[in-house]
Amino acid sequence: MTELESLFSLSGQVALVTGASSGLSAQAARALAKAGANVGLVARRKDRLEELARELEAKGVRACAAPADVTVTEQLRAAIDRVEAELGPIDVLVNGAGIAPLGRAETHTRAKWDGAIALNLTAPLEASQMLAKRWIERGRGGRIIQLSSVMGFGANPVHRSVGYAATKGALNNLTRHLAVEWARYGICVNALAPSYF
């Protein structure tokens, strides 16, 4: 291991990634594993989680597929419990599950709005709360990374997704608030805000 690799090594740590069955969350899980972390994979699609778990284990880390709908509190808690039971105490949380329902603002349905709020905002809060409570009780810190979006900082006339933009803006400020409130416990909270790709 080079000096640079040792600075960024996650060897021996446990990370949990929500939304890990596809997209950026699956890539985050791969990156965490490449850095040496054992990874808990949470999403609804069990078959994809299990496939990714096998891929990560072939790289020499342990992985745990924990299927759950993260908008259902008890399923989310059960997934966290399962990951900790199989891999050990979680050190890193990546809140990556998300949805971007499309539609003009004037016709955006309440169901689409509520779905975006539940998955893009409430689920990250609940997952963060569940782990922060454990970290505070254990007297150890942790790392929370929210997968946000540049649409959390401005409007987009091309991709009409008012619910997505609103939730990502709220997620950015939730990140700031949690970072300030939990800093004294050694809990670092950040957000990544990629553009469309």
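This is a predicted model: local features need pLDDT of at least 70, side-chain atom pairs count only at pLDDT 80 or more; totals for chains, interfaces and linings use all residues.
Me: Why is H5 called roughly parallel to H6?

Reply: H5 (residues 110-138) packs against H6 (residues 162-182) at an angle of about 15°, and their axes are 8 Å apart. That makes the pair roughly parallel (under 35 degrees; over 145 is roughly antiparallel, 65 to 115 roughly perpendicular, the rest oblique). The axes are lines fitted to C-alpha atoms, for helices over the stretch in contact, and angles run from 0 to 180 degrees between N-to-C directions. The helices themselves are DSSP runs (H or I, at least four residues), numbered from the N terminus.

Me: Which residues make the contact of H5 with H6?

Reply: Contact means heavy atoms within 4.5 Å. On H5 the residues include Trp 113, Ile 117, Leu 121 and Pro 124, and on H6 they include Tyr 164, Lys 168, Leu 171 and Trp 182. By class, this contact has 15 nonpolar, five polar and one charged (nonpolar: Ala, Val, Leu, Ile, Met, Phe, Trp, Tyr, Cys and Pro; charged: Asp, Glu, Lys and Arg; polar: the others, Gly among them).

Me: And why are H4 and H5 called oblique to each other?

Reply: H4 (residues 73-87) and H5 pack at about 45°, with axes 10 Å apart, and they are therefore oblique. Here too the crossing is right-handed. Thr 73, Leu 76, Arg 77, Ile 80, Asp 81 and Glu 84 in H4 meet H5 residues, among them Met 130, Arg 134 and Arg 138.

Me: What makes H2 and H3 roughly parallel to each other?

Reply: The angle of H2 with H3 (residues 46-57) is about 20°, with the axes 10 Å apart, so the two are roughly parallel. H2 passes H3 in a right-handed crossing. Ala 26, Ala 29, Arg 30 and Ala 33 in H2 meet Leu 52, Glu 55 and Leu 56 in H3, which divide into five nonpolar, no polar and two charged.

Me: How many cavities of 30 Å³ or more does a search of the whole structure find?

Reply: One. The largest cavity has a volume of about 40 Å³. On a 1 Å grid over the protein atoms alone, a cavity is a set of points where a 1.4 Å probe fits but cannot get out, while a pocket is an open set with protein on both sides within 12 Å along at least five of seven lines; lining residues have an atom within 4 Å of a point. The lining of the largest cavity includes Thr 18, Asn 95, Leu 119 and Pro 124, and H5 gives the most, with four residues.

Me: What lies closest to the centre of the largest pocket?

Reply: That pocket has a volume of about 990 Å³. Of its 38 lining residues, Gly 96, Gly 98, Ile 99, Ala 100 and Tyr 164 are the closest to the centre. H2 (23-34), H5 and H6 each supply at least two residues of the lining, which divides into 19 nonpolar, 15 polar and four charged.

Conventions. Residues are numbered from 1 along each chain as its sequence is written. Side-chain values use heavy atoms; hydrogens and water are left out. Grid points are joined across faces, edges and corners, and a volume is the space filled by probe spheres set on the points. A crossing is left-handed if the near helix is turned anticlockwise from the far one by less than a right angle, and right-handed if clockwise.
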